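Biologist: I've got a model open and would like to go through it with you. Could you take my questions one by one?

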Amino acid sequence: MSTKVSDYILQRLREWDVEHVFAYPGDGINGLLAAWGRAENNPRFVQSRHEEMSAFEAVGYAKFSGRVGVCAATSGPGAIHLLNGLYDAKLDHVPVVAIVGQTNRSAMGGSYQQEVDLISLYKDVASDFCEMVTVPEQLPNVLDRALRTAMARRSVTALIVPADVQELDYSPPEHAFKMVPSSLGMPHSTAVPDDDDLQRAADVLNSGGKTAVLIGQGARGARTEVTEVAERLGAGVAKALLGKDTLDDDLPYVTGAIGLLGTRPSYEMMRDCDTLLVIGSSFPYTQFLPEFGQARAVQIDIDPHMVGLRYPFEVNLVGDAARTLRRLLPLLEQTEDRTWQKTIEDNVARWWEVMERRATVEADPVNPEYVTHALSGLLPDDVILSSDSGSAANWYARHLKLRGAMRGSLSGTLATMGPGVPYAIGAKFAHGDRPAIALVGDGAMQMNGMAELITVAKYWRDWADPRLIVAVFNNRDLNQVTWEMRAMEGAPQFLPSQSIPDVGYADFARSLGLAGMRIEKPDGVTGAWEAALAADRPGVLDFVTDPAVPPIPPHATLDQIEAAAASVLKGDSDRAAMIRQGFRAKVQEFLPGGHR
């Protein structure tokens, strides 16, 4: 039997050690589907409920495995559906390859069914490499380049294969004019800065007395080196959300998250520092960095296109974080005065006391902060965490102490709703022997998380560790936007847009053969987590939480929060009177001591 183009594509993916393709079928990729049958499902076709979920699962797989994620979809609507997940990968610098079908070449330009100009559609999301295969001899070059470019540039690439091309007999490129051969493999090289630039950076860092370090996901492989730098300079270390798992939260000078979802110690450290070192992060909110002119600054990033952003850095070092820091460390002077770092450590200790206090504030019926705070001490050492966007991301950012081999991520830059559950699914295909937990708001759960429980039910028996826990913060409100309306617009909750139905998430999980539990009282929270972590299958914990618990920015004052809360039901005199009488006393529990 001859080898078809579709057979060769799967063969080449196997030669690249691609083990999973997250996909949804359609007639635009019928040739590939037939080839999968002939290849005995190798690489494995992982079927989601929607193409967007396939893309998110590929992103989660890539984030937690360190390998390229591959997704596939049919022509027209299938390719369109992939886009949101692909943009999530592009903005978070995650290597993902999309393989999409297209109408037959003979129909192109004829306004044929499901004909979409995919080259134009994908030219932004796959700006580093997007090509259409029109003859077999383009392979393997275009597929190799798609994979290699995605990995080298940590980006999205796309391969468009018309349906009739998939059915053609494969013939390799010849040793001839206008033929492009190819070869397998991804060469590895590590950039390191010049010695002169390293000395300039050391001079800046040695000149400071109050050094703040900000790390992102680019520092993930530099845990030891970042620790040594912080101790050498007597610095504190803040973490961008994508870098939450890069350094242990139980180190006393680690201030935690930074930004709108960040901590008070991170905010104060940036406010008061005189020197800034940013490692592997493109954290976007400049208002949470030192005032311009306040601090001398150095940046380290492996991507030369990402240096010089966000702050007027005096020295930009292009290189791998770990190797750059190892070369930089001998040039750094040991700080003898620990006053600055001791202040940071005191602020961090006080912050965790505040988090404990906030988690125990009475709510109706369950405080969402308590849900996450109770989980923190129960986390398995090898857990993989995902968080959806929204108020759930606040609790993930502030209450969970990650350490050691624990991993965690979310949609850091696109901040899209919906990736929490598919990220966890992707994580389980990357590490089937590790437990996964997804923290998801009820809005995101209704948007697509419930459907992906069907995917979980389909595949969970294949995982060595069956635990995949979906924790739903069920407050019947699109809560983050509700609070943003109050804080930014001074507007009351607009119920037609914000109120969502109360759904039996645990009941739905049980209908699929998964575990499910609804928790409506605070005294059931810890037991629910313990039961889910001891379960023999995936499950859903439906926590009925209070929408009135505010996701407070780290720089907020009591007056600002009270003003936002007073707009909850503007015009309702009884409610307004209640807020005026009781809200100030209650919210004081949510703020650090002395921050009024």
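Biologist: How many aromatic pairs does the structure hold?

Modeller: Keep in mind that this is a predicted model. A pair of aromatic rings is described by the distance of the centres and the angle of the planes. Going by ring pairs, the structure's total is 13.

Biologist: Take Tyr-285 and Phe-288: what kind of pair do their rings make?

Modeller: The ring centres of Tyr-285 and Phe-288 are 6.3 Å apart, and the planes meet at 80°. Planes over 60 degrees apart count as edge-to-face. So the pair of Tyr-285 and Phe-288 is edge-to-face.

Biologist: What is the angle between the ring planes of Tyr-311 and Phe-313?

Modeller: Tyr-311 is buried at 4% relative accessible area, and Phe-313 is buried too, at 13%. Their rings sit 6.0 Å apart, centre to centre, in an edge-to-face pair. The angle between the planes of Tyr-311 and Phe-313 is 65°.

Biologist: Which residues do ring pairs link into a cluster?

Modeller: Here the ring pairs join up into a cluster. Its members are Phe-22, Tyr-61, Phe-429, Tyr-459 and Trp-463.

Biologist: What is the bridge partner of Val-298 in S12?

Modeller: Strand S11 covers residues 296-301 and runs parallel to S12, with four bridges joining the two. For Val-298, the partner in S12 is Val-315.

Biologist: There's also an open sheet with S14 in it. Which are its edge strands?

Modeller: Six strands form that sheet, with parallel pairing and the order S14-S13-S15-S16-S18-S17. An edge strand pairs on one side only, and that picks out S14 (407-409) and S17 (515-519).

Biologist: Now the second largest pocket: how many of its lining residues are charged?

Modeller: Rolling a probe the size of a water molecule over the atoms shows where empty space is left. This pocket has a volume of about 210 Å³, and its lining includes Lys-90, Asp-128, Arg-153 and Asp-303. The lining residues divide into three nonpolar, three polar and, for the charged ones, five.

Biologist: His-93 is in that lining as well. What is its phi near?

Modeller: Most residues other than glycine have a negative phi. His-93 sits in the loop between helix H5 (83-91) and strand S4 (96-102), and at 29% relative accessibility it counts as partly exposed. Its phi is positive, near 60°.

Biologist: Arg-154 also lines the pocket. What about its phi?

Modeller: Arg-154 lies in the loop between H7 and strand S6 (156-162). The residue is partly exposed, with a relative accessible area of 28%. Although Arg-154 is not a glycine, its phi is positive, at about 50°.

Biologist: How far is the C-alpha atom of Met-151 from that of Gly-69?

Modeller: Met-151 lies in helix H7 (residues 141-153) and, at 27% relative accessibility, counts as partly exposed. Along the chain, Met-151 and Gly-69 are 82 residues apart. Their C-alpha atoms are separated by 9.6 Å.

Biologist: Last one: what is omega for the cis peptide bond between Leu-139 and Pro-140?

Modeller: Most peptide bonds are trans. A cis bond joins Asn-42 and Pro-43, with omega about 0°, and Pro-43 is in the loop between helix H2 (30-38) and strand S2 (44-47). Pro-140 is in the loop between strand S5 (130-132) and H7. For the cis bond from Leu-139 to Pro-140, omega is about 5°.

Key:
Residues are numbered from 1 along each chain as its sequence is written. This is a predicted model: local features need pLDDT of at least 70, side-chain atom pairs count only at pLDDT 80 or more; totals for chains, interfaces and linings use all residues. Side-chain values use heavy atoms; hydrogens and water are left out. Two strands pair if DSSP finds at least two bridges between them. On a 1 Å grid over the protein atoms alone, a cavity is a set of points where a 1.4 Å probe fits but cannot get out, and a pocket is an open set with protein on both sides within 12 Å along at least five of seven lines; lining residues have an atom within 4 Å of a point. Grid points are joined across faces, edges and corners, and a volume is the space filled by probe spheres set on the points. Ala, Val, Leu, Ile, Met, Phe, Trp, Tyr, Cys and Pro count as nonpolar, Asp, Glu, Lys and Arg as charged, and the others, Gly among them, as polar. Rings of Phe, Tyr and Trp (its six-membered ring) pair if their centres lie within 6.5 Å; planes under 30 degrees apart count as stacked, over 60 as edge-to-face and the rest as tilted. Buried means under 20% relative accessible area, exposed over 50%, partly exposed in between (1.4 Å probe, protein chains only).
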